[in-house]
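Open the model in your viewer and keep the selection panel at hand. The stops below go from residue pairs to single side chains, and then to the chain as a whole.

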Amino acid sequence: MRALITGVTGQDGSYLAELLLSRGYEVHGIIRRASSFNTARLDPVYEDPHKPGTRLFLHYGDLTSGEQLTSLMYNIRPEEIYHLGAQSHVKVSFDIPEYTGDTTGLGTTRILEAVRHSGIKTRFYQASSSEMFGSSPPPQNEKTPFRPRSPYGAAKVYAYWLTVNYRQAYGLFACNGILFNHESPRRGGTFVTRKITSAIAQILCGNQKKLFLGNLDAKRDWGYAPEYVEAMWLILQQEQPDDYVIGTGETHSVKEFTAEAFGYVGLDWREYVEFDSKYVRPTEVDTLCADPAKARKQLSWKPKLTFPELVRIMVDADMEAAGLCPVGEGIQILQVRFSDWHRWRISRLDAVQSHEGVAFEKECA
């Protein structure tokens, strides 16, 4: 089986590549040309393409170039396509709305057109987002109206309906996975959950005194990213194409995440966290909470990890990345809950390498 992943260097793309490789796939990923290396998340699975038996291949490409994407479709001829690439930071989308629309919205158009014009027989997964629901009251499921509150959310709504349209108009096996917030040690450092756990490690090291955050009352449905890429794969294994909401069904505020993370290492978050209005969005989404009943029934998918366990995994990883001995509960959780394709060493690798590209190893008592 041959798969193509856009956004392969991101949190979800790197985990998905690992999952597919563990299941015998040949995996192709599209990466943007950059003056610096941006493939650290793929280090656990990357091999020299000249080596016999290599099954991971990276190709330069850009979601703003339809011609290039069509050429890649002709050459790779993937049997499954996972379209994860986008400008995915909600707050940043207010600063660069045109670029967000071009990559997150029109990028999906270009991928679908590339599939259609190439004539390849494939299955297509569109990474849709809970941000599409915006101000619609929770819980949100596949029938909840979309009321986006950001350029990012609006671009994702466009991409969602285009995927549905190509499924209906051209008979493509095209699906939407409407994923609620999913985190891990590979989450980008500007996202609030990783910003919190990374700050804790730096505070414990004595390198940081304060953590500045925006809206602490925003509530989100947070899950663990490796579990969500398993849902992506399941969506494309069904007999008929369809759309699914993926989430835990629980909601927690940014304040709760902060308190849980600081409390895990014995700190009082109120002594370190301060409000900064520059992190507040022009229009806020108050509460997102998934109703994943359809996914449970049709995909037999449900999350293994709890909210406190997710927090512990992320804090442990950032402590280890900073050269500290982690509390250790997060490590134990992964050893017990994920015994096949996903391991602690792989989970925390990007967090370790995020500190100036140097892995710091330390023996802990």
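Start by selecting R186 and E18, whose side chains meet in a salt bridge with an N to O distance of 2.6 Å; a salt bridge here is a side-chain nitrogen of Lys or Arg within 4 Å of a carboxyl oxygen of Asp or Glu. R186 lies in the loop between strand 7 (182–183) and helix 6 (192–205) and E18 in helix 1 (residues 11–22), so the pair ties together parts that are 168 residues apart in sequence. Both R186 and E18 are buried, where buried means under 20% relative accessible area, exposed over 50%, and partly exposed in between (1.4 Å probe, protein chains only). Helices (H or I, at least four residues) and strands (E, at least two) are DSSP runs, numbered from the N terminus.

This is a predicted model, in which local features need pLDDT of at least 70 and side-chain atom pairs count only at pLDDT 80 or more, while totals for chains, interfaces and linings use all residues. Residues are numbered from 1 along each chain as its sequence is written, and side-chain values use heavy atoms, with hydrogens and water left out.

Next, select D318 and R194. Their salt bridge has its closest N and O atoms 3.0 Å apart. D318 belongs to helix 10 (residues 307–321) and R194 to helix 6, so this pair ties together parts 124 residues apart in sequence. D318 counts as buried at 0% relative accessibility, and R194 is buried with a relative accessible area of 5%.

R116 is partly exposed, at 32% relative accessible area.

Now select E131, R220, R281 and E284, which are linked in a network of salt bridges. E131 sits in the loop between strand 5 (123–129) and helix 5 (151–170) and counts as buried at 5% relative accessibility. Leaving out residues up to four places away in sequence, E131 touches residues including V90, P148, Y152, R220, R281 and L288; contact means heavy atoms within 4.5 Å.

Which charged side chain lies nearest to E80, given that E80 has no salt bridge? It is R123, the nearest of opposite charge, 6.2 Å away from the buried E80 (Lys and Arg count as positive and Asp and Glu as negative; His and the chain ends are not counted). E80 lies in strand 4 (residues 80–83). Its side chain makes a polar contact of 3.1 Å with the side chain of Y25. A polar contact is a pair of N or O atoms within 3.5 Å; within protein, one must be able to donate a hydrogen and the other to accept it, and residues adjacent in sequence count only if both atoms are side-chain atoms.

Move on to W341, in the loop between helix 11 (329–337) and helix 12 (344–353). W341 counts as buried at 8% relative accessibility. Its side chain has a polar contact of 2.9 Å with that of E230.

Finally, show the whole chain. It has twelve helices and 13 strands, and a search of the whole structure finds 20 salt bridges. Buried residues make up 55% of the 365 residues.
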